[in-house]
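The stops below are given in the order in which they may be selected.

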Amino acid sequence: MVRRPTGSTRLPEAPLFRSVLIDGKAEFSCSTPVAAFENRAITTIEGIGTQDRLHVLQRAFVTERAAQCGYCIPGMIVAAKALLDSDPDPGEAAVREALNGNLCRCGTHARILKAVMRAAKEMLQ
């Protein structure tokens with residue numbers, strides 16, 4: 001939870017990390033030295049689906065209206081993809097843990113969770 005300083009109307013600056021897949025594992029690109037990515041497979045949101053052929057996670061986010069401003073969604077989808085690639089049938093606690101660190105200031109967390117759970121269900125069919 002982000003708390004306002006006493007007497008302040010502005011939110012404090014909080015880090016917002018973007019997840020990328022490094023060798024299939026979600027990592028925070030903004031807090032990892034670039035040298036750590038040398039000779040490793042990097043996948044960003046642009047490598048997951050296309051505008052003409054959305055990944056099942058992207059479709060689920062649209063269906064569940066999980067995006068409001070859209071700022072956090074790339075990191076959420078990348079982190080969720082890493083989770084579903086390693087655990088195709090996660091429980092809600094596993095989804096929450098996988099998305100931890102990807103901050104959504106719009107408050108669509110419930111819809112984001114629902115979207116990831118929907119994608120997991122669809123991917124199992």
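Which residue with a positive phi follows helix 1? Select arginine 65: this residue comes after helix 1, and its phi is positive, near 55°. Arginine 65 has this positive phi although it is not a glycine. Its place is the loop between helix 1 and helix 2. With a relative accessibility of 64%, arginine 65 counts as exposed.

**The whole chain**

Next, select the entire chain. The model is predicted; its mean pLDDT is 86, and 86% of the residues reach 70 or more. Coloured by secondary structure, the protein chain shows 4 helices and 3 strands. Followed from the N terminus, the order of the elements is β-β-β-α-α-α-α. Of the 125 residues in the chain, 32% are buried. Among the contacts between residues at least 6 apart in sequence, 57% join residues at least 24 apart.

**The N-terminal stretch**

Where pLDDT is low, the predicted coordinates should not be read in detail.

**The loop between strands 2 and 3**

Move on to asparagine 39, in the loop that lies between strand 2 (25-28) and strand 3 (42-43). Like the opening stop, this one concerns a backbone angle. The phi of asparagine 39 is positive, about 60°, although the residue is not a glycine. Is asparagine 39 buried or exposed? Asparagine 39 has a relative accessible area of 76% and is exposed.

**Helix 1 and its buried residues**

Now select residues 56-63, which form helix 1. Display the side chains of Val56, Leu57, Gln58, Ala60 and Phe61, the buried residues of this helix. Against which helices do the buried residues of helix 1 pack? They pack against helix 2 and helix 4. Two packed helices are described by the angle between their axes and the distance between the axes. The two remaining stops take these partners in turn.

**Helix 1 against helix 4**

The crossing of the two is right-handed. To see the contact from the side of helix 1, show Val56, Leu57, Arg59, Ala60, Phe61 and Thr63. The residues of helix 4 to show with them are Ile112, Ala115, Val116, Arg118, Ala119, Glu122 and Met123. Sorted by class, this contact of helix 1 with helix 4 has 9 nonpolar, 1 polar and 3 charged residues.

**Helix 1 against helix 2**

Finally, keep helix 1 and select residues 73-86, helix 2. Here the packing angle is about 130°, and the axes are 10 Å apart. Helix 1 is accordingly oblique to helix 2. Helix 1 passes helix 2 in a right-handed crossing. Which residues of helix 1 meet helix 2? Leu57, Gln58 and Phe61 do so, and their partners in helix 2 are Ile73, Met76, Ile77, Ala80, Lys81 and Leu84. By class, the contact of helix 1 with helix 2 comprises 7 nonpolar, 1 polar and 1 charged residues. Leave Leu57 and Phe61 displayed at the end of the tour: they take part in the contact with helix 4 and also in the contact with helix 2, and both are buried.

Note on methods: Residues numbered from 1 in each chain as written. Predicted model: local features only at pLDDT ≥ 70, side-chain atom pairs only at ≥ 80, totals over all residues. Heavy atoms only, no water. Axes fitted to C-alpha atoms, helices over the stretch in contact; angles between N-to-C directions. Left-handed = near helix turned anticlockwise from the far one by under 90°. Contact = heavy atoms within 4.5 Å. Nonpolar A, V, L, I, M, F, W, Y, C, P; charged D, E, K, R; others polar. Parallel < 35°, antiparallel > 145°, perpendicular 65-115°, else oblique. Buried < 20%, exposed > 50% of the residue type's maximum accessible area, 1.4 Å probe, protein only. pLDDT = per-residue confidence, 0-100.
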